[in-house]
Amino acid sequence: MSLIPGINKVILCLVCCMALTGCVKDIDLDQAEEIGLSPDIDVDLLIYDISEDYFYQSGNNVFQPVIRDTVRLEFLDDDYIQKDLTEVEFYFRHINTFPQRFSHTIKFLSNAGREQILIQYEVAPGSLNNPVETDYTEIIEENRIHLVRNSIQMVIELEAHPNSDEFKGELKFASTGLFKFDF
Amino acid sequence: MRCWLLIPFLFCFSLLSAQNKPLLYNVDDLPQSLLLNPGAQIDFIGHIGLPFFSQIHFSAGTSGISLHDIFRNHGTNINTRIKEAMHSMTSYDHFTANEQVEIISLGWQLDKRNYLSTGIYQELDFFSYFPKDLAILVNEGNANYINDVFDFSQAAFTGEILTVYHLGLNHRFDQRLTVGVRGKLYSGIFNAESTGNTGTFTTITTPQGPNKYRHIVDNMDVQVNTSGFASLNEEEDMTVEEGTAELLKRSFFGGNVGVGLDLGLSYLVTEQFVASASVQDIGVMFQREDVESYHYYGSYQTDGLEPLFPELDETGRAIPYWDEFEDEVDRNLIDRTYNEPYITWRPAKFNLAIEYGFGQAFLPCNYLKVNEVRFMNQIGMNLAGVLRPRGFVYAFTTYWDKKLTEKQRFRIAHTFDDYSLANFGLMYSVTFNKFNLYLAANNLLGFRNLAKARSTSVQLGMQMVFKDL
């Protein structure tokens with residue numbers, strides 16, 4: 001029993017020391033200020049699948065070599081784009097069965113219609129039995145990212161280059177954007 | 001001596017974890033043992049807790065990472081460490097925090113068989129599984145996870161702050177069996193929960209499709225229920241005093257209410273073996289006041305916007321492709337806010353324990369029978385569990401309980417749980433005249449550097465405990 005007074009003091013000291021003087025070591029909570037999110041978001045943009053009919057004016061059936069359409073991409077005006085977007089990688093793909101080549105133009109315009117980004121490339125001719133794929137990638141890095149932030153309209157312009165072959169086929173278009181953020 | 005009784009406890013529970021108080025369970029001279037097991041054997045005839053100080057309990061744990069894993073002051077960039085931690089954890093890893101403060105605690109012996117105890121305590125309880133898929137999606141995006149499924153069902157959490165009013169009766173049937181019951185009234189201060197969510201988000205490659213990818217939200221059904229949150233959130237000009245007054249009002253049944261029950265028993269299998277079991281907080285909360293729920297549901301898939309060529313419609317106006325896309329998304333992925341009452345279940349807990357006493361002593365250990373033969377030492381095992389959204393979370397504790405004198409005792413415990421395999425705890429209780437002071441802490445090794453500890457738990461309190469000496 002003579003050991004008991006010693007034991008209880010040891011226990012009390014131990015519990016008190018452990019519970020009341022527990023410490024936090026080897027960490028730096030100031031690093032919390034460096035915490036960021038860096039998601040890379042891959043999203044579909046525009047698609048189309050057109051035939052020769054799209055190149056003839058409805059009503060008078062007159063051939064028009066250039067067709068265009070405009071899509072507003074309202075999300076480009078959102079806060080996360082305006083503040084945190086660091087890089088964009090646009091990917092465009094055509095699969096062509098027309099025996100003609102096409103000039104494809106993509107313009108990103110501001111709300112006022114001012115051109116910010118111009119992308120132009122040629123779509124290679126194919127044939128009904130041999131669809132030809134054309135891929136094109138445009139990377140907008142940080143030094144040009146303000147151009148994406150200024151944009152809100154995407155204009156697609158397609159110019160056909162007729163030749164001696166029959167103007168008949170199908171042209172499929174796919175496009176995606178890889179948006180890199182640093183929140 | 002019937003050691004076979006111990007074998008199932010030793011070998012059946014290898015994957016265990018929980019938020020519990022094994023250091024106070026079945027401590028027969030602490031009134032707090034009645035909160036863990038209303039049918040506990042006790043050796044006092046009355047108690048009065050020092051208001052707000054009879055029990056202060058705090059516990060916190062993370063099963064997957066520690067503070068040190070993220071914030072260590074050397075090595076890689078913190079964002080790299082966060083990314084690594086996210087990948088090392090699973091959707092079954094969880095974060096938990098629990099706090100209890102006894103506001104009032106008292107009890108007295110009604111007769112030789114019955115002990116009545118009552119009181120009020122305030123409790124905060126938070127539990128969340130790690131929503132791994134969603135965390136990775138937010139942190140890294142989908143670009144590197146094409147064809148991988150992001151599962152919304154991983155998002156599950158519960159959080160509540162409430163005041164508990166309780167009244168319990170401890171009844172001794174005979175020399176072997178003691179049973180107890182405790183009724184509880186809950187007064188909710190705050191609640192937020194999101195459980196039972198479903199749905200997935202996937203970006204798949206579509207080699208034969210119209211675009212390179214297809215984005216699919218499938219069968220999404222995510223709901224977050226809150227009570228006691230909307231009014232505080234809306235009152236932008238609320239002062240601290242007004243906020244405190246509002247919370248105090250809710251503490252006294254000014255907000256949401258509920259009822260609950262604790263049950264427990266102790267049984268002397270032999271003179272040396274005591275088996276006990278209890279369930280706590282079999283209870284329900286009726287969330288009716290200041291309720292706001294957010295519900296997101298539906299399915300949708302897209303390959304992108306499709307311009308029609310030409311760009312003008314029949315009326316000569318530009319076709320609003322984006323507006324049409326947004327309308328279509330809104331029709332299919334629906335976002336609703338409700339103010340409907342809802343029901344929540346309290347996180348029910350259970351304890352199963354067996355104790356073996358040795359080192360016989362003649363102590364006035366039981367308020368029903370003075371000078372009963374008891375033991376100076378007890379070794380015991382306790383399996384505890386708490387019901388969380390995906391089932392019970394367990395902890396298995398073995399302990400040695402030693403009475404040093406009539407006034408002093410300690411308990412050394414080791415707990416297996418999700419947080420640590422080396423969770424050693426220590427409880428010390430001392431009584432000066434009738435004034436009792438106790439202090440208990442789990443995961444003592446973790447106290448050397450709490451940043452590395454995945455869990456910690458502390459209980460302390462002081463009270464007057466009366467014994468029939």
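**Ground rules**

I count residues from 1 along each chain as its sequence is written, and chains are lettered from A, ligands numbered from 1, in the order in which they are written. Since the model is predicted, local features need pLDDT of at least 70 and side-chain atom pairs count only at pLDDT 80 or more, while totals for chains, interfaces and linings use all residues.

**Confidence**

I started with the scores. The predictor gives the complex an ipTM of 0.84 and a pTM of 0.85. For chain B the average pLDDT is 87, and 90% of the residues score at least 70 (pLDDT is the predictor's confidence in each residue, from 0 to 100). Where does chain B fall below 50? I found residues 1-19 of chain B there; this stretch has 37 contacts in the model beyond near neighbours in sequence. I count a contact when the C-beta atoms of two residues, placed from the backbone, lie within 7 Å. Residues 367-371 of chain B also stay under 50, and for them the model has 14 contacts beyond four places in sequence.

**Chain A overview**

Next I went through chain A, which has three helices and eight strands. Helices (H or I, at least four residues) and strands (E, at least two) are DSSP runs, numbered from the N terminus. Read from the N terminus on, the elements go α-β-β-α-β-β-β-β-α-β-β. Of its 183 residues, 27% count as buried. Buried means 20 or more other C-beta atoms within 10 Å of the residue's own, exposed means 12 or fewer, and partly exposed is in between, with C-beta atoms placed from the backbone. I also looked at contacts in chain A between residues at least 6 apart in sequence: 82% of them join residues at least 24 apart.

**A sheet in chain A**

What order do the four strands of the open sheet in chain A take? I read β1-β8-β3-β6, with antiparallel pairing. Two strands pair if DSSP finds at least two bridges between them. β1 (40-51) and β6 (132-140) of chain A are at the edges with a single partner strand each, so one side of each has no neighbour in the sheet. On average, neighbouring strands here are turned by 15° against each other, direction ignored (the axes are lines fitted to C-alpha atoms, for helices over the stretch in contact, and angles run from 0 to 180 degrees between N-to-C directions). Inside the sheet I followed β3 (residues 85-96) and β8 (residues 170-181) of chain A, which run antiparallel and are joined by eleven bridges. One pair I picked out: Glu87(A) has Lys180(A) in β8(A) as its bridge partner.

**Chain B overview and strands**

Chain B has eight helices and 21 strands. Of its 469 residues, 39% count as buried. Among its contacts with a separation of 6 or more, residues 24 or more positions apart account for 69%.

β9(B) and β12(B) pair in the antiparallel sense over eleven bridges, and Thr226(B) has Glu292(B) in β12(B) as its bridge partner. β12(B) is also joined, by six bridges, to β13 (residues 333-338) of chain B, again running antiparallel; there Tyr294(B) is partnered by Thr337(B) in β13(B).

**Helix α5 of chain B**

Which residues of α5 (residues 132-140) of chain B are buried? I get Lys132(B), Asp133(B) and Ala135(B). Seen down the axis of α5(B), they fall within an arc of 165°, so they line one face of the helix; the arc is that of the directions from the helix axis to the C-beta atoms. The buried residues of α5(B) pack against α4 (78-88) and β5 (149-151) of chain B. Just after the helix, Gly141(B) takes a positive phi of about 80°.

**Two loops with positive phi**

Most residues other than glycine have a negative phi, so I looked up two exceptions. Phe52(B) has phi near 70° and sits in the loop between β1 (46-49) and β2 (56-62) of chain B. Asp290(B) has phi near 55°, in the loop between β11 (273-287) and β12 (291-302) of chain B. Buried or exposed? Asp290(B) is buried, with 22 other C-beta atoms within 10 Å, and Phe52(B) counts as partly exposed, with 15 C-beta neighbours inside 10 Å.

**Where the chains meet**

Last, the interface: 49 residues of chain B are in contact with 50 residues of chain A. Elements giving two or more residues to chain B's side include α3 (67-71), α5, β9 (213-227) and α8 (321-332) of chain B. By class, that side has 28 nonpolar, 15 polar and six charged residues. Here Ala, Val, Leu, Ile, Met, Phe, Trp, Tyr, Cys and Pro count as nonpolar, Asp, Glu, Lys and Arg as charged, and the others, Gly among them, as polar.
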